[in-house]
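Reader: Hi! Could you walk me through a couple of helices in this one?
Author: Happy to, here it is.
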Amino acid sequence: MLAVCFSLVSVIGTGESVATTETRKYICRTFGSGVVQPFNGSSFYVHSNCPFTLTRFTHNRVECDITTWRGDNGLLAQVEIIINKIRTVLQNGSIMVERKSVSLPYDHTYQHIFHYGIYTKLRSSLLPLSVTWHSVPGGIDTVWVELEQELSTDMTGLCGKHNLPGNKQQLITESVLADDTCQTRDPAFAMNEECRMFFSYTLDCLQARTPHYIQLCEENIYSYEKNKYIGCAFFKEVVQQCGNSSYAWNIWRMVTKCAIPSCPGDLAYVERGAAFVPSCSNPNPRFSDQDLVSSCVCPRGKVLNDHADGFHCVSVSSCPCVFNGKSFSTGDIRRTKCQSCVCHSGKWQCSENFCPSRCLIEGQFVTTVDGKQYVLPGKCTYVASQGLNWTVMIEFSQKAPSLKTVSLQLFQETYTFSQNTAKIGEEEITELHQSDHALVFWQSSMYVEVHTSFGMKIQVQTSPEIQLYITPPPNHAGMISGLCGNSNNDTTDDFTTSSGIIENSAQPFAQSWSVDICPVNIPTCTNTDKEIFADEKCSVLNNPTGIFAECHGHIPTDHYHTACIQRTCMCGSSLQQCLCVALGSYAKACASLGVIVGDWRTATNCTLACQKNQEFSYNVQACNHTCRSLSGPDPRCGLDSTPVEGCGCPEGTHLNEGHICTAKAECVCHYYGGITPPGSVVCVHCAEYPVNTAQKTCDSLSKPMGTSMTCDSGCYCPHDQYEDHRGNCVSLDNCTCVYSGKVFSAGQLVKTNCKTCTCGEGQWHCKDEPCPGKCQVYGNGHYQTFDSKWYRFDGHCQYTLVEDNCGKRNGTFSVRVESVPCCDEALTCSRSIILDLQGLVTLTLSDMKVTRRHHKGWTLLEDSLYSTHTVGLYIIISVPSRGITLIWDKHTRITIELQAYLRNQVCGLCGNFDSNEMNDLQISGSGAVSSSLAFGNSWRAATPPCSDVTTEIFPCERNSYCSAWAQRRCMILTGDTFKDCHLKVDPEPYYHACVQESCSCEFEGKFLGFCTAVAAYAEACSDQDVCVNWRTPDLCRKLCLLPPRILV
């Protein structure tokens, strides 16, 4: 099989044009006591109490069967809807799905049921079909069956076929499901004054059809004159079909004496209004003319308060706000240590985050200052962060993936932090140390803090494991580097190597900041018993009613939960201790925002014992709590130090030099003074000619150096020459560079991450370029945002993927998506996409084709607004004037590309395209980054109504027997097949998505999810010019479609 890479530009230029079809609806109705209007638009009357097939057909191997029964009162007593073997029964005012009563809105994998004006609507996720009905006392007076497209299939039932005239008697005979207890009679009628009076006002609408409708009216009412619902349902249907411009529209209720339906609470009835009532959650819902029906609405200028019980209408300015499941009134303020938010018109208006960002190194898990999270590849010595006159280095233990030491080189001072120890040079710091450049002091028995003269703060947790927290100095954006990134509020360049180029994978980035050669030696968890323990115990973080629940609305748990499992599972000593350290990381993150989670250590069996007479506290403060502090001003007071946990002295006592808490009167006196830093650095010299041999290679010119000069005897290049990456001695000007494991000569160019980089003197020199954005979603809700944030959200509603109507400008486009169920032998696995070019045209990508619906005043011939092409079996829609391109594989995968000028102009599930993945899951107006579940729910389309997803279902947990098979299958991504791509594109997020996708199907033989996941990684590799020939006759040969940059 031939592997070929080519760009999207060439794809659009050579692709075959796709014809789009106009959206058209076909409606079948039955109303009154037996009036039927089939799909073809004719009408007749059936007088029977027998069950009838209303419609029955099979489309895309999905079966649909709708059956109706009428009672003796003429109304429908029961309607049975069976779609894909799921049985829904409407009877006695209730809705039963699979014999269970449901409340609305009801959301099933295969169907949604919701209020639709005064009606109720069932919309299928599997078929282009919906069923709408109106319930009245005694039964159902109206049912509509709508088809959103023409079906090329055999259809039976009273509704007939949409493209054939259909004989009335034949339809009745073939549709009746007769038994011994029912009978079908010929229609009978008698002249009815009410019917004739009514139709005297509809001549402008019905014209020559009037006699036929008079007969239908009289047949409908005959013997049911006392049941007002029978006649009124008929009159209402006729008026609705005539439209609001007809003469009868405003007078028919007066003529027929049909009562206006009652509405709950503050709502008022209108004949033609919004099917979905504007609410506080969505005061301006999108809806088309087709969504204007008889409805109960709020008075003009008000919306429904859907955050409170009852049906109360309020002005938008009085709408409450919701946060973390709690309701807040307009004007209410909620605060954390870092931010304050005011409720205004149902939306939170939040201040900027005024807490400085910091870098976290907790075990092998790193969060940069700008918020990018990754895992270190090896137990090595790294430069954590460096700037002018300072360097912070970390050294890992070789036994377990935890820190052994942290060192700070500050001007001429060297500070070292290890297990329960802090030193300046070789002198131990037992309480505090102060110099011209830094103040170092113990906050508690667990934490040491460093405050520098230029505003940098370093906090080191020294027990039970060493962890590091660095707050960079202010006004140093872009001037720092290392594992912690460059602190410029841009996560896209956080993987800038020591040689100045941006890597796409954590491994080469981290290795560039290692002091020596750094092997990849931090494995994944392989101990089943430890993994079971970790999985069970770490779940306490996610418990919605547990000890950590108070913080869930402020800090998502997903990253901490993953880290907890990995750190506990790979623990080298006490599992319980490693668990507690991991749980403590989340508690500490919450405390940094001022959110106190309570006594979590007792709740999780993580209590700490204190030495001597000290006591444990979650709120230890260093200021004025030692005997030394009584002898003069305490330099620890007045610092911006967050209280920490650990052992300290009870209130009213002070810590003496023996680490015993004593009364004030028993403290010895101290003379105020400082500690002198140690002297000069001692170097190791070679026997005759001391030379720093560590800087004799091109690679060393960008590598971080240790604190001492290295001189090893041996053969090196002559003076002023360096050994390049090919083993040759070259001048500085000819030094080579490395990117993603490949060697580049001086002057060669590399394009990466919106930058063009030139190799010179062993370093990369980069220039910024305009950069388009790319977002993708595939499978069971795996998302990669424009800013490269990965998350999973598997919702069953319609959601906004991206739009440019984000409060900053009038919207010109929106893309909404909806999952269609996968992995059932009777189903087609797909994702339905709606591209709305607002005010002009709406394109729907569904059922492997594209349909369009024109808005008023626009035609396809007038304006070549968009183009639609196929490449292989992919559909590509390009809208140049809007800066957006869609690529759809006709199944679950959708990729969206945006032009660079839309940066900071969009929002939705794809994020905000601002180059900072840290805020991609921030709910609009909330000011807080949310969980993927809450974030996904926040972008649920208001129409049609749909319920929130409340729990995440992970396929490997649901189909546990698939897990081992899925992991084995997906190792193709981390194995040799894609090895040339590993340093350019990190395979880990793709591997985890692949495992979940492969577990989604109930049988191993169904590989669609697996193939889609592997194809996603293959395309990412192709984007980095790595083409991988991974498909074989036995692997994804037919089931998966090829993305437009991978294989041909």
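Reader: At what angle do the axes of α10 and α11 cross?
Author: Helix α10 (residues 558-569) and helix α11 (residues 575-592) cross at roughly 160°, and their axes come within 8 Å. Axes here are lines fitted to C-alpha atoms, for helices over the stretch in contact, with angles running from 0 to 180 degrees between N-to-C directions. This is a predicted model, where local features need pLDDT of at least 70, side-chain atom pairs count only at pLDDT 80 or more, and totals for chains, interfaces and linings use all residues. Residues are numbered from 1 along each chain as its sequence is written, and side-chain values use heavy atoms, with hydrogens and water left out.

Reader: Roughly parallel or antiparallel, then?
Author: α10 and α11 are roughly antiparallel (angles over 145 degrees).

Reader: Which residues of α10 make the contact?
Author: Tyr560, Cys564, Arg567 and Thr568 do, meeting α11 residues including Leu575, Cys578 and Tyr586; contact means heavy atoms within 4.5 Å.

Reader: Switching to α5: how many of its residues are buried?
Author: Nine of the 12 residues in α5 are buried, that is, under 20% relative accessible area (1.4 Å probe, protein chains only). Among them are Tyr213, Ile214, Leu216 and Cys217.

Reader: What do the buried residues of α5 pack against?
Author: They pack against the strands β3 (26-31), β4 (35-37) and β5 (44-45), plus the helices α3 (193-199), α4 (203-206) and α6 (228-242). Helices (H or I, at least four residues) and strands (E, at least two) are DSSP runs, numbered from the N terminus.

Reader: And which residue just after α5 has a positive phi?
Author: That's Ser223, with a phi of about 75°.

Notes
Angles under 35 degrees count as roughly parallel, over 145 as roughly antiparallel, 65 to 115 as roughly perpendicular and the rest as oblique. Buried means under 20% relative accessible area, exposed over 50%, partly exposed in between (1.4 Å probe, protein chains only).
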